[in-house]
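I opened the model to look up strand pairing and ring contacts. My notes follow.

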Amino acid sequence: MPNTGFVVQGDQRDLEANRAPSDFDRTHRFSLSFVYELPAFGRASRLARGWQLSGFFQAQTGAPFSIFAPEPEIQTAAQYADLVRGSGGLYRLGFGRPALCGDLDAQGADITESAFNRDALCTAFGQSGSLGRNALRAPAQNRLDLSLVKATRLTETASLELGWDVFNVFNRANFSAPDGELGSPDFGRITSTTGGPRVMQFRAKFKF
């Protein structure tokens, strides 16, 4: 937890150090949706007609994130003078940033265990190092959803629609940003995903 009242990340007076993409920035995003009426090839039977395939695909870059070093929370007034807890009084940073001392992009074989090179960081809590805001990005994400629908006309005014929907067809794991808090047990590790696993559903709709 940061010091109460010391919740500003980095030195807000240094505009250049805070110039970075927004937290919700997605540099590249591609979206495609389609609907295709399957041909009946001249067959007039109810089984052959009324088939429709539709889908949605999206691929995008990951969201940016920052690496920061929060100070322990101040419990007493005497701790204002503590070198770890808030030394410097009201002007001490509650969220310090580390300095960069190597190649941050180097990573291990398992991106979830080592999303970036932690050894490339050197820091002192409560200080503002050379690493800027939102300097890294979470892994890229993509998913494909498909739907197969069969519509059958029962009378002139009534029809039955049966559908099979598959979300995240390839069961892709879209990883969230890793833990960027220095000192955390999971620092540099990815512990969660965005979106769900492959899910299927069957549905029926009666139109009249």
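Which residue in β10 does Leu146 stand opposite? I looked it up: Leu146 faces Val166 in β10.

Before going on, I noted the ground rules. This is a predicted model, with local features needing pLDDT of at least 70 and side-chain atom pairs counting only at pLDDT 80 or more, while totals for chains, interfaces and linings use all residues. Numbering starts from 1 along each chain as its sequence is written, and side-chain values use heavy atoms, leaving out hydrogens and water.

Entry, strands. I took strands as DSSP runs (E, at least two residues), numbered from the N terminus. Two of them pair if DSSP finds at least two bridges between them. β9 and β10 pair antiparallel over 8 bridges. A hairpin of 5 residues joins β9 to β10. I then checked β9 (residues 141–153) against β2 (residues 51–60): 10 bridges, antiparallel. There, Gln52 stands opposite Val149 in β9.

Entry, rings. I found 5 aromatic pairs. Rings of Phe, Tyr and Trp (its six-membered ring) pair if their centres lie within 6.5 Å; planes under 30 degrees apart count as stacked, over 60 as edge-to-face and the rest as tilted. Trp164 and Phe202 have ring centres 6.1 Å apart and planes at 10°, so I logged the pair as stacked. Trp164 lies in β10 (residues 159–167) and Phe202 in β11 (residues 199–207), so the pair ties together parts 38 residues apart in sequence.

Entry, exposure. I used relative accessible area: buried is under 20%, exposed over 50%, partly exposed in between (1.4 Å probe, protein chains only). Trp164 is partly exposed at 36%. Phe202 is exposed at 68%.

Last entry. Ring pairs link Phe65, Phe116 and Phe187 into a cluster.

Terms used: Helices (H or I, at least four residues) and strands (E, at least two) are DSSP runs, numbered from the N terminus.
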